Amino acid sequence: MRKSISLASSARSSSLASCISKIGVRYLETQAASSRNSDGDEEYADNIDWNNLGFGLLPTDYMYVIKCGRDDEFKQGQLSRYGNIELSPSAGVLNYGQGLFEGTKAYRREDERLFLFRPQQNAIRMQIGAERMCMPSPSTQLFVDAVKQTVLANRRWIPPPGKGSLYVRPILFGSGPILGLAPASEYTFLVFASPVGNYFKEGTAPLNLYVEDEFHRSARGGAGGVKSITNYAPVLKSLSKARNRGFSDVLYLDSVNKRYIEEVSSCNVFILKGNVLSTPATNGTILKGITRNSIIEIAPDLGYQVEERPIPVEELLDADEVFCTGTAVGVAPAGSITYKGNRIEYKMSNQLVCLQLYSRLMGIQRGSIQDERGWIIEID
């Protein structure tokens, strides 16, 4: 039997929704506080092996849902029990892929306080993507508030400090029915969450990447620069093929020259040569990753020069380091990259620059390094 804020019936669930709509976050704070036992210790979800979390879905207690019309604005939504949603067979997202998603994380610190990392940037990125996909989008304040509410309602699912994080997935999609090709008449903004550990099955071990020179992730003028749901299914064929051959993931080349590196399937890529850290420029085909941007900002703090530019695939041959960045993956070093049958291997050590950058990033997130840029938002 669940111990925190679970409900016994759909009637009680409706009552909860009514309370939340009236008194909002204050109610959630009270409920979150009730997840502590009489000694003041934090209670956690039952039967979870916090030491071996992967990046699989563990259904939590609540999700946040709000709807609006095509010409309307999103207003305050409400929490409901996590579960399936009902869609028309002719929903815009099902027929024409009109949808976006974001990913952010909530962290628990040693003092049990909860924090988010740069959620405003996720909100802004969703707004840019929504404009590209002809959808209304939630305001930055509403987006961040929805994420906070979802985290608080699922507080017992946030892993203990150092054991992982609560991955939060906001989704925006055309839920209204449509038959002819056009924007949907109604839109749904939904936020759910799941506790996660390492994204790759290798854990913290170096990645083995395969350079794809047949299929492409995105093309100029397309939607590769926004977090559209349509960007991800097309990579599954290459990704499945690579994993069946023992690779961790796929590194894609540009679709015009088939020479410049762009992204890995779900994360950005950097190369290091000497004192210069380079990453492909976001020219419309590459997602402006929030972890990517954070690494770009903190690298000069450690004495490294950063360049955003086209990177020929040949530069992988003599790079000192290659690594991936993303909300899900964090910062992950590449141990090898295979291109046209040639395997390039990189030296691994505890002194890798990417690990130093990741350590600094995690220090900011966990509070051991002062946040001088206003990146951290406490959930209180």
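User: How many disulfides does the structure hold?
Analyst: The structure holds 0 disulfides, where a disulfide is a pair of cysteine sulfur atoms within 2.5 Å. This is a predicted model, in which local features need pLDDT of at least 70 and side-chain atom pairs count only at pLDDT 80 or more, whereas totals for chains, interfaces and linings use all residues. Residues are numbered from 1 along each chain as its sequence is written, and side-chain values use heavy atoms, with hydrogens and water left out.

User: How do you know that Cys354 is in no disulfide?
Analyst: The nearest cysteine sulfur to that of Cys354 belongs to Cys324 and is 9.6 Å away. The limit is 2.5 Å, so Cys354 is in no disulfide.

User: Why is Cys354 called buried?
Analyst: Its relative accessible area is 0%. Buried means under 20%, exposed over 50% and partly exposed in between, with a 1.4 Å probe and protein chains only; Cys354 therefore counts as buried. Cys68, at 6%, is buried too.

User: Which residues of H7 are buried?
Analyst: Val353, Cys354, Leu357, Leu361, Met362, Gly363, Ile364 and Gln365 are buried in H7. Helices are DSSP runs of H or I with at least four residues, strands are runs of E with at least two, and both are numbered from the N terminus. Gly367, with a positive phi near 90 degrees, follows H7.

User: Which residues make the contact of H6 with H7?
Analyst: H6 contributes Thr291, Ser294, Ile295 and Ile298, and H7 contributes Leu357, Arg360, Leu361 and Ile364, contact meaning heavy atoms within 4.5 Å. These residues divide into 5 nonpolar, 2 polar and 1 charged. Nonpolar covers Ala, Val, Leu, Ile, Met, Phe, Trp, Tyr, Cys and Pro; charged covers Asp, Glu, Lys and Arg; the others, Gly among them, are polar.

User: How do you know that the span of H4 agrees with its 14 residues?
Analyst: The expected span is 1.5 Å times one less than the number of residues. For the 14 residues of H4 (residues 140-153) this should be 20 Å, and the end C-alpha atoms are 20 Å apart, so the two agree.

User: What makes H4 mostly covered?
Analyst: Of the 14 residues in H4, 11 are buried, among them Leu142, Phe143 and Val144.

User: Why does Met126 count as buried?
Analyst: Met126 has 1% relative accessibility, which is under the 20% limit, so Met126 counts as buried. Met126 lies in helix H3 (residues 119-132). Leaving aside neighbours within four places in sequence, the residues in contact with Met126 include Leu100, Phe143 and Phe189.

User: Where is Arg118, in the loop between which elements?
Analyst: Arg118 is in the loop between strand E5 (114-117) and H3. Its phi is near 55 degrees, a positive value in a residue other than glycine. At 9% relative accessibility, Arg118 counts as buried.
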